[in-house]
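Dear colleague,

I am passing on the structure that we spoke about, with some notes on what was found in it. Please keep it open beside this message as you read.

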Amino acid sequence: MEKLNVPSRWYRLIPIAFITYSLAYLDRANFSFGTAGGMTEDLGIDQGTSSLLSSLFFLGYFFFQIPGTIYAVQRSAKKLIFWSLILWGALATATGMIQDVNLLIVIRFMLGIVESAVMPAMIILLSRWFTKSERSRANTFLILGNPATILWMSILSGYLIDAVGWRWMFILEGLPAIVWAFIWWRIVDDTPEGATWLTSDEKAKLQHALEQEQQHIKPVKNYADAFRSRVVILLSLQYALWSVGVYGFVMWLPSIIKAAPSMDIVKTGWLSAVPYVFAILGMLTASHYSDKLQRRKEFVWPCLLVGAVAFYGSYLAGSHNFWLSFVLLTIAGAAMYAPYGPFFAMITEALPRHVAGGAVALINSFGALGSFVGAYVVGYLNGTTGGFGASYNFMASALLLSAALTILAVGGDNTKSNTQNG
């Protein structure tokens, strides 16, 4: 295929997508810093309730993802994300104002509902703007909002809690999403056809390239057929297990680090940021070579296997050897993040456009279910065992199974198989 030369898409859409997903991730992940920074003591939250609160977000995320994504596909991703930005910013800000744990339970669940369709809606939005040879990189720049946000959020949140307390941290970090909603509305278009900043020739070339891709994908009649397909079922299970490791790590890393001797909240913030520096480098590298070689699976399962081995190694290092354990946790974090771009490209390239959005939503909803399990079980194991070894083994086992399911889900190179099916 002739290389598509429409660079304005990258300059206009990718920074906006990155910032939007960054704000979503900020308002879900800063809860781990609130937990480590005094919220549990101030509100009288016990270990069991803390685990429930950490994981409740993902329960709301799980139940409402598919309806929201179908709305984005059939109506408007732009409108869905606009209202989501306003609502999740308001809920995140409200977290800093509550006095009752029961209200916090409601807010965490509602935050999951409001954010549930944002990730798959963004993936589908980008698939309408970027071709197969660009898609892994486009997805990666979107999902970079995850580790990049945790990187600077870890440092900023540590300082904010130290300076003004956990309540003001939530308030100050929740308000930007509301402001950003109006910038999003002004700049983003649902499809190239509605973009006034593209020439007619650019629109035609882009539309032709995207339509050509669809001809090489095996037809799928409807959502029901897509959801029953082998690849969607296996990738749903795979992503659930992968997310057990990712969110067990994200939600509890600050608490794990803060438990080390002579560790305050500011040091915890700096050290919590380190794995995400390497995660960003891993994601950029994997997406670049995945697009260059047009291979997806080979950039997913090996990374997950490395993550599993690193978690197990951290368990073997034990709490008496903090720095070795921390290095291995950094490797595990980077390895878990690296495959995101190729993974979501693999889904949108395996299914036709009219059902790909629903499939992404289903797979991502199982990821939310895995996130719920990971955040809850890791917190439970940490609390009941009085250490982190059991949770390391739990996350290692989940990633090992996830790597195996990736191989089973996509038996050969998906580019070649799709061409043969066309």
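Helix H13 (residues 301-317) packs against helix H17 (residues 389-409) at an angle of about 160°, with their axes 8 Å apart; axes here are lines fitted to C-alpha atoms, for helices over the stretch in contact, and angles run from 0 to 180 degrees between N-to-C directions. Because of that angle, H13 is roughly antiparallel to H17, a term that applies over 145 degrees. Please note that this is a predicted model, in which local features need pLDDT of at least 70 and side-chain atom pairs count only at pLDDT 80 or more, whereas totals for chains, interfaces and linings use all residues. Residues are numbered from 1 along each chain as its sequence is written, and side-chain values use heavy atoms, with hydrogens and water left out.

Among the residues of H13 that meet H17 (contact means heavy atoms within 4.5 Å) are Trp 301, Phe 311 and Ser 314, and the H17 side includes Tyr 392, Met 395 and Leu 399. The residues of this contact divide into 14 nonpolar, six polar and no charged, where Ala, Val, Leu, Ile, Met, Phe, Trp, Tyr, Cys and Pro count as nonpolar, Asp, Glu, Lys and Arg as charged, and the others, Gly among them, as polar.

Ser 325, which lies in helix H14 (residues 322-337), counts as buried because its relative accessibility is 7%, buried meaning under 20% relative accessible area with a 1.4 Å probe and protein chains only. Leaving aside residues up to four places away in sequence, Ser 325 touches Ser 314, Ala 317, Gly 318 and Tyr 392.

With regards

How values were computed
Helices (H or I, at least four residues) and strands (E, at least two) are DSSP runs, numbered from the N terminus. Buried means under 20% relative accessible area, exposed over 50%, partly exposed in between (1.4 Å probe, protein chains only). Angles under 35 degrees count as roughly parallel, over 145 as roughly antiparallel, 65 to 115 as roughly perpendicular and the rest as oblique.
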